[in-house]
Amino acid sequence: MDLDMRRVRYFVAVAEECSFVRAASRLYMTQPALSRQIRALEEDLGVVLFLRDRQGTVLTRAGHQLLEDARPMLAMSQAVQQRVRMANREVNHFAVGFMPGIVVTPIVREFAAMAPQLEIEVVHTSISDQVDFLTDGRVDVCYVRLPLPEGMFEVVPLFPEPRVVALPRAHPCAELKAVHVEDLRDMVLLQDPQDVPEWRGRLPRAPLVQQTDAGRFPVTIEECLEGVASGAGCYVMPAGMAGFYRRDDISYLTLEGVAPRMVALAYSKHRSMPELNQFAELSRRMLGPGPESE
């Protein structure tokens with residue numbers, strides 16, 4: 001019997017979160033689907049990995065042993081995949097990942113002039129899959145919004161990005177330029193409140209899409225914004241993304257009283273390429289002072 005590494009990864013997420021609900025949210029899958037995968041892993045191994053009771057989800061003795069062995073196994077698996085994909089590339093290939101709201105064209109243009117021997121590719125990512133593009137070797141470097149999993153990447157912080165709140169155009173505050181988070185207590189937040197720890201307002205009661213311990217929330221940004229436009233609530237996002245998701249039926253206001261998100265450049269600690277430091281230094285010089293330098 002060969003271990004299914006995908007199921008092992010799911011197991012580690014449940015073990016670290018001590019919750020099938022939180023792990024499903026972290027993995028961007030439904031809780032029933034995650035439970036089926038863990039049950040299949042237990043059947044493959046012939047052991048029980050978790051005990052579930054009113055106190056939560058706890059590891060069995062076998063589960064503790066698997067967790068101890070699984071983390072280095074997954075790290076090695078990711079490193080192997082990355083090295084194989086890198087080896088399959090042309091030597092002069094350099095891929096840069098970016099996401100909505102982070103303008104990279106001036107940096108890529110200048111870097112291309114500095115390193116004419118490289119064939120540079122620009123790859124679009126999103127907040128939900130930025131880590132995947134780095135770990136599986138699809139990009140050499142990636143502009144990300146922190147946080148990232150600790151210990152996996154070299155991270156170069158660039159600038160703090162303020163956050164905005166999306167409100168329906170008909171909302172009384174829609175014509176303002178800024179609003180404090182405390183002034184939105186009567187609004188429903190259409191996302192996991194862990195994304196906005198300062199939130200003290202309402203959470204949705206009606207079923208939406210994704211289950212977490214705090215409620216049910218839409219999965220994609222597009223679904224969240226549909227909810228905003230229909231008057232179901234509000235959604236908080238990095239300021240740079242507001243222009244990308246511009247809509248006539250939604251207003252974006254600077255949200256005061258919440259911490260900004262840090263924009264950074266990240267690349268794998270297993271990646272060895274002299275141009276990485278060169279690109280990182282260029283990014284720090286062109287983006288480091290603040291978002292206005294974009």
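Mentor: What follows is a guided reading of this predicted model, taken feature by feature.

Trainee: In what sense do strands β3 and β5 pair, and over how many bridges?

Mentor: Strand β3 (residues 93–98) and strand β5 (residues 141–145) are joined in the parallel sense over two bridges. To see the pairing in the model, find Gly97, whose bridge partner in β5 is Cys142.

Trainee: How should I read the packing of α5 and helix α9, and at what angle do they pack?

Mentor: For two helices, one considers the distance between the axes, the angle, and the residues in contact. The axes of α5 and α9 (residues 274–287) are 10 Å apart, and the angle is about 135°. The two helices are therefore oblique to each other, and α5 passes α9 in a right-handed crossing. On the α5 side, the contact includes Pro106, Ile107 and Phe111, and on the α9 side it includes Phe279, Leu282 and Met286.

Trainee: At what angle do the axes of α1 and α3 cross?

Mentor: The axes of α1 and helix α3 (residues 31–45) cross at roughly 110° and come within 9 Å. That value makes α1 roughly perpendicular to α3, and the crossing in which α1 passes α3 is left-handed. Among the residues that meet there are Tyr10, Phe11 and Val14 in α1, and Leu34, Ile38 and Leu41 in α3.

Trainee: Why does Ser19 count as buried?

Mentor: One compares the relative accessibility with a cut-off: buried means under 20%. Ser19 has 7%, so it counts as buried. A polar atom of the Ser19 side chain lies 3.1 Å from the backbone nitrogen of Arg22. Cys18, by contrast, is partly exposed, with a relative accessible area of 43%. Cys18 also has a positive phi of about 55°, although it is not a glycine.

Trainee: Where is Thr57, and which residues does Thr57 touch?

Mentor: Thr57 belongs to strand β2 (residues 56–59) and, at 12% relative accessibility, counts as buried. Beyond residues up to four places away in sequence, Thr57 touches Val14, Cys18, Ser19, Phe20, Phe50, Leu51 and Arg52.

Trainee: In what order do the strands lie in the open sheet of four strands?

Mentor: The order is β8-β12-β7-β11, again with mixed pairing. The edge strands, pairing on one side only, are β8 (178–180) and β11 (235–238). The average twist from one strand to the next is 45°. β8 runs parallel to strand β12 (residues 250–256), with three bridges between them, and Ala178 stands opposite Thr254.

Trainee: Which helix packs on the sheet and touches β7, β11 and β12?

Mentor: Helix α7 (residues 221–229) does so, and its direction makes about 135° with that of β11. Within α7 one finds Val228, which is buried, with a relative accessible area of 0%. Setting aside neighbours within four places in sequence, the contacts of Val228 include Ala166, Leu190, Tyr235 and Ile250. Val228 and Val188 are 40 residues apart along the chain, and their C-alpha atoms are separated by 9.5 Å.

Terms used
Residues are numbered from 1 along each chain as its sequence is written. This is a predicted model: local features need pLDDT of at least 70, side-chain atom pairs count only at pLDDT 80 or more; totals for chains, interfaces and linings use all residues. Side-chain values use heavy atoms; hydrogens and water are left out. Buried means under 20% relative accessible area, exposed over 50%, partly exposed in between (1.4 Å probe, protein chains only). A polar contact is a pair of N or O atoms within 3.5 Å; within protein, one must be able to donate a hydrogen and the other to accept it, and residues adjacent in sequence count only if both atoms are side-chain atoms. Contact means heavy atoms within 4.5 Å. Two strands pair if DSSP finds at least two bridges between them. Axes are lines fitted to C-alpha atoms, for helices over the stretch in contact, and angles run from 0 to 180 degrees between N-to-C directions. Angles under 35 degrees count as roughly parallel, over 145 as roughly antiparallel, 65 to 115 as roughly perpendicular and the rest as oblique. A crossing is left-handed if the near helix is turned anticlockwise from the far one by less than a right angle, and right-handed if clockwise.
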